[in-house]
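Subject: Structure for your review

Dear colleague,

Please find below the structure that I am passing to you.

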Amino acid sequence: MVSFWSGYAWPAIVIIAEVLLITVPLLVAVAYLTYFERKVIAGMQMRRGPNVVGPFGLFQPLADGLKLLLKETVVPSGSNKVVFVIAPALTFTLALVAWAVIPFDQGWVLANINVGILYLFAISSLGVYGIIMAGWASNSRYAFLGALRSAAQMVSYEVSIGFVMIAVLICAGSLNLSDIVHAQEHSIWYVIPHLPLFVIFFVSGLAETNRSPFDLPEAESELVSGYNVEYSAMTFALFFLGEYANMILMSGTITVLFLGGWLPLFSFAPFTWIPGIVWFAAKVALILFGFVWVRATFPRYRYDQLMRLGWKVFLPFSLFWLVLTAGVLEVTGWLPK
């Protein structure tokens, strides 16, 4: 009995507690990211934004969630009902499980595996399946066209993201995300030598998460909101939450790869007095502000412009920068040991 408790039960309880410790704050952050976005865009457009439900409108995300929870879930009669329901759940789940390898602070990571970058890349690639499943299972031409658009868009920009990640791991000498942060601690944040890659990764993140100005799957005038047009109530909410969870995930990944993760801005007091997780959250919030800022500023791209940017600009340049990085490290003898 003692061996069962110490060998199986207690480790399972610890893992469940750690998962909840990550998932619950993340869900709260996703809910209030919608409030943050509406307030920031309202400020840029000289209006008020949510200000009625609760003080300063702070209960608006809760009211929106309650509304979607109480609405009836309508499943089209001609759809594949099993796949129709699984698709949004898959999209939302993948947005959560990717956080298993993101380090929030020194030692604060659920799974400190040595192939963290590969894990992130694999999970982000699987996100395409949820969207394809949704478009196909809806049995609607508009939904299917939107799903094909989104899948092509995500696959196209994943190639550039992959080359950017390879350039960073060459500099760090490790696929472990915590090691990548430590490598920046002993040199400089990678955003400085790899500023063009940082821009490519950020813009590709906009396309990967279907955000403006690359929100082609939601081109209302053409596709009536794209792959999720047949969804309602909580099934629609899962797609909505998955998109915002992916925004936070992309911001966390950018923070780890380019902005030093949990490292302070300067390695001396009073900056070192602030806990690492606060620095990590502040950097993630800064990147999220960039996501919102872009949405409020730029008009939507045409689909041919989107593809041309990904295949004819980002892909050749990221490949060139990868070769340049490897060459410089080899010639100067700066390759990580």
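I begin with the second largest cavity, whose lining divides into eight nonpolar, two polar and two charged residues. In this count Ala, Val, Leu, Ile, Met, Phe, Trp, Tyr, Cys and Pro are nonpolar, Asp, Glu, Lys and Arg are charged, and the others, Gly among them, are polar. Please note that this is a predicted model, in which local features need pLDDT of at least 70, side-chain atom pairs count only at pLDDT 80 or more, and totals for chains, interfaces and linings use all residues. Residues are numbered from 1 along each chain as its sequence is written, and side-chain values use heavy atoms, with hydrogens and water left out.

Cavities

On a 1 Å grid over the protein atoms alone, a cavity is a set of points where a 1.4 Å probe fits but cannot get out; lining residues have an atom within 4 Å of a point. Grid points are joined across faces, edges and corners, and a volume is the space filled by probe spheres set on the points. Three cavities of 30 Å³ or more are counted by this rule.

The second largest cavity has a volume of about 120 Å³. Its lining includes Phe121, Glu158, Phe201, Glu208 and Met250. Helices H4, H5 (141-172), H7 (195-208) and H9 each supply at least two residues of that lining. Helices here are DSSP runs (H or I, at least four residues), numbered from the N terminus.

The largest cavity holds about 270 Å³ of space. It is lined by 18 residues, and those closest to its centre are Gly127, Met154, Glu208, Gly242 and Asn246. H3 (81-97), H4 (116-137) and H9 (233-258) each give at least two residues to this lining, with H9 giving the most, six residues. By type, the lining of the largest cavity comprises nine nonpolar, seven polar and two charged residues.

Pockets

A pocket, in contrast to a cavity, is an open set with protein on both sides within 12 Å along at least five of seven lines. The largest pocket has a volume of about 630 Å³. Among its 22 lining residues, Ile22, Pro25, Phe104, Ile277 and Phe280 lie nearest its centre. H1 (2-44) and H10 (276-297) each supply at least two residues of the lining, and H1 gives the most, with nine. The lining of the largest pocket divides into 20 nonpolar residues, one polar and one charged.

The second largest pocket has a volume of about 470 Å³. It is lined by 19 residues, with Pro61, Asp64, Gly65, Leu68 and Phe240 nearest its centre. H1, H2 (60-70) and H9 are the elements that give two or more residues to this lining; H2 gives the most, with eight. Its residues divide into 12 nonpolar, two polar and five charged.

Nonpolar cores

A nonpolar core is a set of buried Ala, Val, Leu, Ile, Met, Phe, Trp, Tyr and Cys residues joined through side-chain atoms within 4.5 Å, where buried means under 20% relative accessible area with a 1.4 Å probe, protein chains only. The largest has 67 residues, and Trp99, Leu177, Phe201, Leu257 and Phe258 have the most contacts inside it. H9 contributes the largest share of this core, 10 residues. Another core, of 13 residues, lies apart from it and includes Phe84, Ala87, Ala134 and Ala147.

Leaving aside neighbours within four places in sequence, Trp99 is in contact (heavy atoms within 4.5 Å) with residues including Ile22, Phe104, Ala245 and Phe280.

Yours sincerely

Key:
Buried < 20%, exposed > 50% of the residue type's maximum accessible area, 1.4 Å probe, protein only.
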